[in-house]
Amino acid sequence: MQQQLFKSALSNRVFFDHFNGASQNMINMADLLMEAVSIEGDIEQKPQFVQIGRLRVKSNEIKRAVFTDSGKTFISPFERNDMCDLATAIDNVAGYINISARRINLYLPATITPPIKQLAGVIAELTRELEKSVNSLENLRNAQRIAEGCSNVKALEHYADQIYNTAVAALMISEPDPIELIKHNEILHALATTNDTCDHACSAIETIILKNSSNSYCL
């Protein structure tokens, strides 16, 4: 019996390492995006965009590892579908951080406006709140802490929506150049969608809590 529990703990550790690694990778990408829009200089020459692209690849590799390991492991901390959904949700956040970075780097807007910086800052905050909830999944007796983290994510996502809506409305009124208007609208939309994906990731976490909070087999 003790040997079986030990094997279960080892199996669980693999998945928690995947999720924690994916969350930290997501934070690193968000921080690089924030740096890229905050530091003065030629957008094209900023190394943060290249680094974000590399970390995007890493995120996808972690997602594939969760899919692969969940298919060959007899004992796992959660249902296979729920683990794959969470891995996909975190990877989607990373994916949209990369999309946001690429749009800024490729479109080369004339200015990095305050709303762009604000939305990038909210993304950095969201990823940290999301990481707290992901890390707490190792012990579902922390369900209240996980729920609080998800609640913070939802509040920040709502705040990001307000920034986005205000920015787009102002853009339509004040931007005389139609090309710049399109560039900024596309960038703002990508950033807002990134914030939305953090909320979607919380939904995957909440599903795990609802299904497993009464179980005691987690580390």
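I started with α3 and helix α6 (residues 178-212), which pack at an angle of about 170° with their axes 9 Å apart. Axes are lines fitted to C-alpha atoms, for helices over the stretch in contact, and angles run from 0 to 180 degrees between N-to-C directions. α3 and α6 are therefore roughly antiparallel to each other (over 145 degrees). I sorted their contact by class: 16 nonpolar, seven polar and six charged residues. Nonpolar covers Ala, Val, Leu, Ile, Met, Phe, Trp, Tyr, Cys and Pro; charged covers Asp, Glu, Lys and Arg; the others, Gly among them, are polar.

I noted the basis too: this is a predicted model, where local features need pLDDT of at least 70, side-chain atom pairs count only at pLDDT 80 or more, and totals for chains, interfaces and linings use all residues. Residues are numbered from 1 along each chain, and side-chain values use heavy atoms, without hydrogens and water.

Next I checked Asn92, in helix α3. Asn92 is partly exposed, at 38% relative accessible area (buried is under 20%, exposed over 50%, partly exposed in between; 1.4 Å probe, protein chains only). I found 20 Å between the C-alpha atoms of Asn92 and Asn105, 13 residues apart along the chain.

Last, I searched the whole structure for cavities and got one of 30 Å³ or more. A cavity is a set of points on a 1 Å grid where a 1.4 Å probe fits but cannot get out; lining residues have an atom within 4 Å of a point. I listed its lining, including His18, Phe19, Ile62 and Asp91. α2 gives the largest share, four residues.

Methods:
1 Å grid on protein atoms, 1.4 Å probe; cavity = no way out; pocket = protein on both sides within 12 Å on 5 of 7 lines; lining within 4 Å. Points joined across faces, edges and corners; volume = space filled by probe spheres on them. Helix = DSSP H or I, 4+ residues; strand = E, 2+ residues; numbered from the N terminus. Parallel < 35°, antiparallel > 145°, perpendicular 65-115°, else oblique.
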